Amino acid sequence: MDRPALIGRTSEVDALLDAAPTLLSGEAGIGKTAVLDAVAARARADGRRVLRAAGVQFEADVSWSGLHQLLFPLVDEFPPPGDVHGDALRTALGLGRGPAPDRLLVSSAVLLLIRRVAAGHPVLMIVDDLPWIDRASAGVLGFVARRLEGSEAGFLAAARNGVASIVADGGLPRRTLPPLDRESAARLLARRFPDVPPMLRLQLLHQANGNPLALTHLPAVLTRAPRGGLPGLFEERVTALPPETRAPLLLAALGGLADLPLLRRRPPGRPRPDGPVTGGPATGGLAIGDAATGTSTTGTSTTGTSPTGSSPTGSSPTGSSPTGSSTTGDAAELGDILDAAERAGLVTLDGGLTFRHPLIAAAVVDLATTRERRAAHAALAEILTADPERRAWHLSEAAESPDEQVATQLTVAAHSMLRRGDAAGAVATLTRAADLTPDPAGRSRRLAEAAYLGAEAAGALDTASRLLSAAHHTDRAAGGSLHAAAATVQLLLNGDGDVETAHRLLVAAIEAGGHGYDAGDPALIDALHMLLLLCWFTGRPEAWQPLHAAIGKLRPAPPDLLRATAAIFGDPARTGAAEVAGLDRVLDTITDDTDSGLIIRAGTAAVYADRLPRLRSANQRVIALGRAGAAPARRYVGAMMHLGLDHYLGGRWGEAADLAAEGLRACDEHGYPFFRWYFLYQAGLIKAVRGEEEHLTDELIAWASARGAHGAELFAYHPRTLAAIGRRDYESAYRNATLLTPAGVLADHVPHALWVSLDLVEAAVHTGRRAEARAHVDALRRAALDSLSPRFGLLTAGAEALVAEGDDARKLFEAAIERPGAERWPFHHARIRLAYGERLRRERAAADSRREFTLALETFDRLGAGPWRDRAAAELRATGQTRSRETVRGPAALTPQEWEIARLAGSGLTNKQIAERLFLSHRTIGDHLYRIFPKLGITTRAALRDALTGRTVI
């Protein structure tokens, strides 16, 4: 397209220049790149810093390549070494070494970097051909683009209609670039081809239908219909080029090359993965030199810069090649050879080779023979010693038959991708490695590993199923490998399989494995963490024996997190307290190592030690990435489980209910039906404490029973117990609580039994079972649960007070209420106040009881705990007080979270914008505002700012 001035696009450029993050879409050749160029030029003229990247069709599987293009100009502005965000960026982009960063950490690092840079100098990020940006980069860019509000940074991307994308566009506002209107099309045609006869001009305008690319290239083929649509516009010109010109064009198209010195004359050979060229097919006498590559083939070029930011490998400071030929002379000769392509309007050679349109690069590749493409890939691999992932990929494309050395390099590259947060890329690369593995057992092993990663890390169960089937078909013995067994377990659980079968399969694979119980074997540790969950799901104490036996055999020692999780999640009442210190040490590392898999595993260990608040921000980030499609679905679901429990215990029931609904949708949408059970439990729990009718526990019990998931089935009795207590049906409450654990016993390997301890004692007291109540309190005392969790200490103290008599009861109630930090669990705390008030009223201490009833009533009212609120209000009336003290209004009535929501809403932000900033859903924000307005005594959003001005929250 003619770059000096765009015809007919002024309004689009103006609109995009200051738009919110936008995805520009349109058909091939409609002028998206030209519009991006114009926006970039205008932005630079306005003093903005422009960062650009472009997807390359033939390198979409190279992890982090897109992000490297975009951020390489900012390398000097990365945080210093030792900073967690700076180290994460350098590791992900291959500029440094360090712990493998999770994508959420990389996403946060990029966002912070862009915001900081933009604060000093406005920034515009432009990404062309977004569907061809690698998966890892696209996920990060989607995360960043939606969080730029309030900064001096902008984001603009472009994507062609109808092109299959390896990533979703992440919900960015979409703007479609329309065809040129008739007048603008005629002007463009007249400017480019002023001598076209009038009749032919009309015919061309009709054929082009406002497509700028067609208008500028159709006259070259006149009225002949191009073969294959718009790409066919270039086929005749590409075919007409001499072979010595087409060869370097093919190298540039496949390798994303822009630097002329890299395309020097030399007969290439086929490189081996462990050595130099050993001979092979020729590519018209042209090959790549020994330097690393440039960046994009579309619209931009970088001279002499490798994808990792390193200097060209193998080139000497004097510019001579390793073979002794002059690189400068070869480049000059190559420039003469490529003049033909420039004269044909296919490329520009202004400081480097740039295809005038991505469809030209596609045409060059499409017209090459299989032999020519393989030879080009071999030549590309020869120079990529500084970039093992890209080199391995080109080696695989050059291979004509299975090759173990190439497969090994691909496997290494896949593990590198996984360490850098690109699980989907790792699955694809491992699958390709399996294709190139000569030995059936080795091929099956790699397919099984890819299947496991697809199910566990990439969230692709359909892909995992196909890969696992292929692994079994290749080698029947594959079913015994740890990766195959772990993948099979995932598929069984989310299909029609049962927990007992999955447990037996995984135990057999662990006990038969050749791992030697090496604690450093990742496959073994992964399998043991999965077995731990299966043990819990069975609900049988004996199911834990193989796990504990395997952990005891690990050498030199079991990992801290595995040991802590087995003890705390398995049987917290007996073994949890001894491992809490180890868990706390693990949690201390989470701030620096935020791998989403580690976050979910740490959350599992933290549930029954009440350490979930320490993981709150990490879980929020995983959920935010999951919503953006940038975190594995399995981990997105796990983070919602843990954050939902955290919200429930902290009294944020609106957020907990929203997460339960979102979790159910996510399980359905991402193919994880097994994990619906938890969100049924959480939704039922919220309904129970709110006094709403619910039948979700019926569905949970039916589902769990059919699959042998007795551990999950037991969860249903918790909300049923609470619902019964709420309606004062203490007999039903006692029956449901004792289905979790008998009175006087803390059930063996039933950790959720601890959660109904206060409920069981209260129900026993109200049904005249005082002996059973005392026996259960004795069991709680013996377990010394305070050393496990302050919340369990609070529940134990409340239960002790319930069974006590006389002055001892008063002392115990007051000690329980005054326990440090007891307000962190507002529902439990208010229930103990209510029980204390009831005891005081029965002892005719009406004045003292009113205080407890009033404070309990206010908490229940704030939480929305309807049955308990009504009960507290009735007790208050029974003391002779017909209403509680005057309801507090104004900012003092707001909780800290409500204050922050009110402040943001008063500043003009929408519910959606507030939700993104606070990592909540927009429905939760609306629910909060619904409660905030009456507390402030206002009825409109416009009155928020005045209501908050000059006030403080307490």
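Predicted model: local features only at pLDDT ≥ 70, side-chain atom pairs only at ≥ 80, totals over all residues.
Angles under 35 degrees count as roughly parallel, over 145 as roughly antiparallel, 65 to 115 as roughly perpendicular and the rest as oblique. Residues are numbered from 1 along each chain as its sequence is written, and side-chain values use heavy atoms, with hydrogens and water left out.

The protein contains 46 helices and 7 strands, where helices (H or I, at least four residues) and strands (E, at least two) are DSSP runs numbered from the N terminus. Of its 954 residues, 59% are buried, buried being under 20% relative accessible area, exposed over 50% and partly exposed in between (1.4 Å probe, protein chains only).

**Confidence and contacts**

- The average pLDDT of the protein is 81, and 82% of the residues score at least 70; pLDDT is the predictor's confidence in each residue, from 0 to 100.
- Among contacts between residues at least 6 apart in sequence, 68% join residues that are at least 24 apart.

- An open sheet of 5 strands is arranged in the order 2-3-4-1-5 with parallel pairing, two strands being paired if DSSP finds at least two bridges between them.
- Its edge strands are strand 2 (49-54) and strand 5, each of which pairs on one side only.
- From one strand to the next, the twist averages 20°.
- Strand 1 (residues 22-26) is largely enclosed by the rest of the structure, because 5 of its 5 residues are buried; Thr22, Leu24 and Gly26 cover one side and Leu23 and Ser25 the other, and all are buried.
- Strand 1 pairs with strand 4 (residues 153-160) in the parallel sense over 5 bridges, and within this pairing leucine 24 has alanine 158 as its bridge partner while glycine 26 has arginine 160.
- Strand 1 also runs parallel to strand 5 (residues 174-176), to which it is joined by 3 bridges, and here the bridge partner of leucine 24 is arginine 175.
- Strand 2 is itself largely enclosed by the rest of the structure, since 5 of its 6 residues are buried.

**Helix pairs**

- The axes of helix 31 (residues 676-690) and helix 42 (residues 866-878) come within 5 Å and cross at roughly 20°, axes being lines fitted to C-alpha atoms, for helices over the stretch in contact, with angles from 0 to 180 degrees between N-to-C directions.
- Helix 31 and helix 42 are therefore roughly parallel to each other, and their contact is made by Ala688, Val689 and Arg690 of helix 31 together with Gly866, Pro867 and Trp868 of helix 42.
- The axes of helix 38 (residues 790-803) and helix 40 (residues 826-842) come within 11 Å and cross at roughly 15°, so that these two helices are also roughly parallel to each other.
- The crossing of helix 38 and helix 40 is left-handed, a term used if the near helix is turned anticlockwise from the far one by less than a right angle, and right-handed if clockwise.
- In this pair, Arg791, Leu794, Leu795, Gly798, Ala801 and Leu802 of helix 38 meet His828, His829, Ile832, Ala835 and Arg839 of helix 40.

**Two individual residues**

- Asparagine 494 lies in the loop between helix 20 (482-493) and helix 21 (499-512), and asparagine 494 is buried, with a relative accessible area of 12%.
- Leaving aside neighbours within four places in sequence, asparagine 494 is in contact with Leu461, Gly671, Tyr672, Pro673, Phe674 and Phe675.
- Leucine 857, in helix 41 (residues 846-863), is buried with a relative accessible area of 12%.
- Leucine 857 and glutamate 875 are separated by 18 residues in sequence and by 9.8 Å in space, C-alpha to C-alpha.

Terms used
Contact = heavy atoms within 4.5 Å.
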